[in-house]
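Here are my notes on the model you sent over. Have it open while you read, and go through the points in order.

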Amino acid sequence: MIERIVIIDSVDPVSFYGVNNSNMQLIRNLYPKLRMAARGGVIKVIGDDAETSEFEKKIKELEEYCAKFNKLTEDVILDIVKGKAPAEPRQDDVIIYGVSGKPISPRNANQARLVKEFNENDLTFALGPAGTGKTYIAIALAVKALKNREVRKIILSRPAVEAGEKLGFLPGDMKDKIDPYLQPLYDALEDMIPAVKLKEYMETNVIQIAPLAFMRGRTLNDAVIVLDEAQNTTVHQIKMFLTRLGTNAKMIITGDATQIDLPRSTTSGLIQALRVLRDVPGIGRIEFGRKDIVRHALVQRIVEAYERFDKEEKKEPAE
């Protein structure tokens, strides 16, 4: 009799063990000769050398499946333990499988183009109105690269521009004041990575979410870097950010030129960068339109109404 320790470190234990440890109970039933105890990401198993070795091999196969699809079902466990290839969900254009196995894939032609441009370029601009999914797809691509071990970290950033509210009047310390600006990035990550694993990634800085000002002086290697709401960067800020790109790193810059919250006298860094970098090779560019909006159908009508209003305003002669 020997004792083996199997470490599960690439998945959320809750997803792996199942609700009320249902998956672990099934595994115990499939190996009646073994004694096992699971706590966190550690499984201790005692039994015959050959059978514990086989058990470790199967656990690793189950972990690999769970890491890929973010779920583990009874059928999958039975298939893998019995040596059968489990039926996998159709791949097609799926980027990753989110929490509870939800497939995340492009929902329109421009989202598919963003995936293609990201794969072919180290820097990609994704431009367009709110609700087109440009930030969501960008973060999904970053999570995929991390899960596939193509990079070691994800860095997500936004300029903390005051759009109506003053930072100084918000309660709490600096982190508390800035977090509301970054909440859309947290929301997307929570859709794609189980809570326990996401917390671990955040605590170990594998995933970093920070305001743009925190990027100064850094060289960002082995990472996917996403800058969201780039229309609210100044000329100096976006130049600083773009020059942070290090080795084995990719950047996605997202923004909406119609939602600039900078003072009227300040030039948007995104607008200038698009002009300056227009003919530079190795840079991808996707422009989403209102027809690409994937939120509630009313959002598209709201965007169209504001576009009509802006055109009418411009037509009116100045007094």
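1. Start with Arg4, which makes a salt bridge to Glu56, with the closest N and O atoms 3.6 Å apart. (A salt bridge here is a side-chain nitrogen of Lys or Arg within 4 Å of a carboxyl oxygen of Asp or Glu.) Arg4 sits in strand 1 (residues 2–7) and Glu56 in helix 3, so this pair ties together parts that are 52 residues apart in sequence. Helices (H or I, at least four residues) and strands (E, at least two) are DSSP runs, numbered from the N terminus. Glu56 is partly exposed, at 26% relative accessible area. For that scale, buried means under 20% relative accessible area, exposed means over 50%, and partly exposed is in between (1.4 Å probe, protein chains only).

2. Before going further, some ground rules. This is a predicted model, where local features need pLDDT of at least 70 and side-chain atom pairs count only at pLDDT 80 or more, while totals for chains, interfaces and linings use all residues. Residues are numbered from 1 along each chain as its sequence is written, and side-chain values use heavy atoms, with hydrogens and water left out.

3. How confident is the predictor? The average pLDDT (the predictor's confidence in each residue, from 0 to 100) is 86, and 91% of the residues score at least 70. Residues 163–167 fall below 50, and beyond near neighbours in sequence this stretch has six contacts in the model. A contact means heavy atoms within 4.5 Å. Where pLDDT is low, the predicted coordinates should not be read in detail.

4. Now the overall picture. The protein has eleven helices and eleven strands, and its C-alpha atoms fill a box of roughly 90 × 40 × 40 Å along the principal axes. Of its 319 residues, 45% count as buried. Among contacts with a separation of 6 or more, 70% come from residues 24 or more positions apart.

5. Back to salt bridges: a search of the whole structure finds 13. In one of them, Lys116 meets Glu120 at 3.1 Å, N to O. These two are four residues apart in helix 5, which means about one helical turn separates them. Lys116 is partly exposed, with 45% relative accessibility. In another, Glu287 pairs with Arg285, the closest N and O atoms being 2.8 Å apart.

6. Which residues touch the most other members of the largest nonpolar core? Leu189, Met192 and Ile207 do, out of 36 residues. (A nonpolar core is a set of buried Ala, Val, Leu, Ile, Met, Phe, Trp, Tyr and Cys residues joined through side-chain atoms within 4.5 Å.) Elements giving two or more residues to this core include helix 5 (109–120), helix 7 (174–192) and strand 8 (207–211). Helix 6 gives the most, with nine residues. Leaving out residues up to four places away in sequence, Ile207 touches Leu146, Ile154, Leu189, Ile193, Leu198, Tyr201 and Met202. A second, separate core has 27 residues, among them Tyr31, Tyr65, Val76 and Ile77.

7. Helix 4 is worth a look next. Its buried residues are Val76, Ile77, Asp79, Ile80 and Val81, and what covers them includes helix 2 (22–30) and helix 3. Just after helix 4, Gly83 takes a positive phi of about 85°.

8. Asn70 has a positive phi of about 60° although it is not a glycine. Asn70 lies in the loop between helix 3 (49–69) and helix 4 (74–81), and at 8% relative accessibility it is buried. Asp222, also not a glycine, has a positive phi of about 50° and belongs to the loop between strand 8 and strand 9.

9. Last, the surface. Ile302, in helix 11 (residues 297–315), is partly exposed at 41% relative accessible area. Together with Leu298 and Tyr306, Ile302 forms a nonpolar surface patch with about 310 Å² of accessible area. Patches are made of residues with over 30% relative accessible area and no salt bridge, joining like charges within 9 Å and nonpolar side chains (Val, Leu, Ile, Met, Phe, Trp, Tyr) within 5 Å. Accessible areas come from the Shrake-Rupley method with a 1.4 Å probe; for residues, only the protein chains shown count as cover.
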